[in-house]
Every structure is written in structure tokens, then in C-alpha cells.
Amino acid sequence: MKKQLTTTDTQALIISDAKNRAERAFDLLDISEATRADYKYRIGLFLDFTKERGFNTNSFLEFKRYLKDRTDLAVSTKNKYLATAKIFLKEANRQGALPSDITQNIKTFSQSKKHKRDGLNDEEIKTLADKLQELPETPQNTRLKAIITLLALQGLRQVEITRLDVKDIDFISQTALIQGKGRDDKEPINLHPEAVKALQSYLKSNKIADGALFISRSNNNHNKRLTTRTIRDIVKETLKELGIDKTTHGFRHYFTTKLIKTYKGDLLEVAGYTRHRSLEMLQVYNDSIKHKADLPRYYGAFSGVKF
């Protein structure tokens, strides 16, 4: 029979080096470096919460209630903070630092699977493409074009772009090896002719022959692999200049939606290009497309009603 939390146990979690303890716990987990970095960043909120209010057997439940009352955080963000705290507490219990698992029977926040924001549309993609075609072939511009092309015409996730190495690109077969989300191995994808052209121009202009495909040119991180944050900043700046209020992930929405329309809802065929593990998320896209197509009929049902 496990003992109850003692004062010593409580203090062990809220002493001044609690963040270091949490980071060491995350270092022992079999997860990707990107996920580990995210956990280390997010755990601070839970640790600050316990320092302020004390630690007890109901701390995890109290933390969930605290998050519920936060109006400045999206439900998806609240779940990320909650999941981080849960993983830390479970690991603390596994290592013997906590005598019991205080996260049991506490659910995450119910979250809608519908997309909160639309992806880029055809008009916005055309505006962006026209802008990129006008840019001179400088190393910086060819990098921007290559990244945008991989986002829009290949539907790559930002982390997939950061993981690319020069050796992953095969111009003869026009393929690339992609390490997908949550995958340990790389899988081949066919490159669109425009992506091939953009990558060839980028490599030639930047004189890159091996190593990471996309590297930084800044003084502080010269020749280091680009991070997802840097890619977001690069793309966000370009979209902002064009007055396009969309996110970098919006390119994947565009890519997926375009394919579903082209393949007329054949989600199995589409999944071969988007590399979704299941068809559930693709069905969300498909439902959204059908719903928007049906809106005129919905509006028409109330066409004679005026207030």
C-alpha cells in the first residue's frame, strides 16, 4: 500500500530548483528533442502554480481548474499545459519522488476537432506566387521561395522542413526523404516540378552541398539548422507584407483542401500525399468543404427574413 504525500515530498517538488528537477525528468523520456523542448518550456506554469499555492494530492486537479478559468488561453493551449504537468507528475511517481499518481481520473479539456482558422485560399496563393516571381534571385529570396514551395505544393509540416538534409533530396528521381511527425524513419515523397526548380535554385544560389538543407545566415546562428520558429518568422513576415492574415500552418490546410477537391473526396488517395496517419483529420477537412459548399442553400432558406 502506497503512503500519502508527506511534507518532505511536497517540499521536494516546490523547492527553488524544481524547474531543474522537471527538466531532468524530461531528459529521461523517450521523446523527440522538439517535444522535450516544448515540455521544458511549458512546465514552468505548473511549477509556479504549486509554488504559489502549495503542493498536495489535489494539485493537478486544482491546476486544471485554474487553467479552465484562464480566458487568455485557447483550449488547445490549456491541454498542452495540462499534458506537460501530467507527464512530469507521472514520471516523478515512476522514479519514486512521488508516492502516488495524483493525475489519475482527471480528464483533459474537451476540444473541438474543427479547424479554428481557414488556410490560405487560391487568391492568396496567387498573390504570394506573383510576389515571389518578382523577387531577384538572391540567396535569401531563393531560400524563401524554396520554403514556401515546400509548404504550399508539398504540404510539409514546419518540423519536416527543418529536418531535411541535402542528401534527402534526389533531383534525378525528383523525390525527397521526409521524417514525419512522430516518425523515427524517413519516407519518400514525390517532388512537384516547381519544388524541384525552387530547391535547385536555392542550393546553387546559397552554395550548399551537404548538411542541413535550410541553414541560418544570421551572425548569431550562422550555418546552423533553421528552427521551426525561424521558419514561422520568415513566412509570417512575407504574409504580413502582402496583407494576408494567415498562419504558416495555413499552407498545409491549403494543400490538403486543394487535394480533397481535386480527388473529389477520395480520402485514401489524398492521405498518400498528406501522410495523415488516419483518415479522421482528413474527414474534418472534407466536412468543412461540404459545409461551405452548402452555405448558399442555408442562406437561401431565410432569404425572405429581414430585421
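Let's start with a charged pair: the side chains of Lys-258 and Asp-122 come together in a salt bridge, at 2.9 Å from N to O. This pair ties together distant parts of the chain, with Lys-258 sitting in helix 11 (residues 250–262) and Asp-122 in helix 6 (residues 122–134), 136 residues apart. Keep in mind that this is a predicted model.

**More on that pair**

- Lys-258 is partly exposed, at 37% relative accessible area.
- Asp-122 is partly exposed too, with a relative accessible area of 45%.
- As background, side chains of opposite charge can pair when their charged atoms come close.

**Other salt bridges to look up**

- In total, the structure holds 17 salt bridges.
- Arg-70 and Asp-72 form one of them through their side chains, with an N to O distance of 2.7 Å.
- In that pair, Arg-70 is partly exposed at 22% relative accessible area, while Asp-72 counts as exposed at 54%.
- Another salt bridge joins the side chains of Arg-297 and Asp-294, at 2.8 Å from N to O.
- How far apart are Arg-297 and Asp-294 in helix 13? They're three residues apart in that helix (residues 280–300), so about one helical turn separates them.
- Arg-297 counts as exposed, with 63% relative accessibility, whereas Asp-294 is partly exposed at 30%.
- There's also a network of salt bridges, which links Asp-165, Asp-168, Lys-186 and Arg-225.

**Where helix 7 meets helix 10**

- Two packed helices are described by the angle between their axes and the distance between the axes.
- For helix 7 (residues 139–153) and helix 10 (residues 228–241), the axes come within 11 Å and cross at roughly 95°.
- An angle of 65 to 115 degrees counts as roughly perpendicular, and helix 7 and helix 10 are therefore roughly perpendicular to each other.
- Which residues make the contact? Helix 7 brings Arg-143, Leu-144, Ile-147, Ile-148 and Leu-151, and helix 10 brings Ile-231, Ile-234, Val-235 and Thr-238.
- Sorted by type, the residues of this contact between helix 7 and helix 10 come out as seven nonpolar, one polar and one charged.

Definitions and conventions. Residues are numbered from 1 along each chain as its sequence is written. This is a predicted model: local features need pLDDT of at least 70, side-chain atom pairs count only at pLDDT 80 or more; totals for chains, interfaces and linings use all residues. Side-chain values use heavy atoms; hydrogens and water are left out. Axes are lines fitted to C-alpha atoms, for helices over the stretch in contact, and angles run from 0 to 180 degrees between N-to-C directions. Helices (H or I, at least four residues) and strands (E, at least two) are DSSP runs, numbered from the N terminus. Angles under 35 degrees count as roughly parallel, over 145 as roughly antiparallel, 65 to 115 as roughly perpendicular and the rest as oblique. Contact means heavy atoms within 4.5 Å. Ala, Val, Leu, Ile, Met, Phe, Trp, Tyr, Cys and Pro count as nonpolar, Asp, Glu, Lys and Arg as charged, and the others, Gly among them, as polar. A salt bridge is a side-chain nitrogen of Lys or Arg within 4 Å of a carboxyl oxygen of Asp or Glu. Buried means under 20% relative accessible area, exposed over 50%, partly exposed in between (1.4 Å probe, protein chains only).
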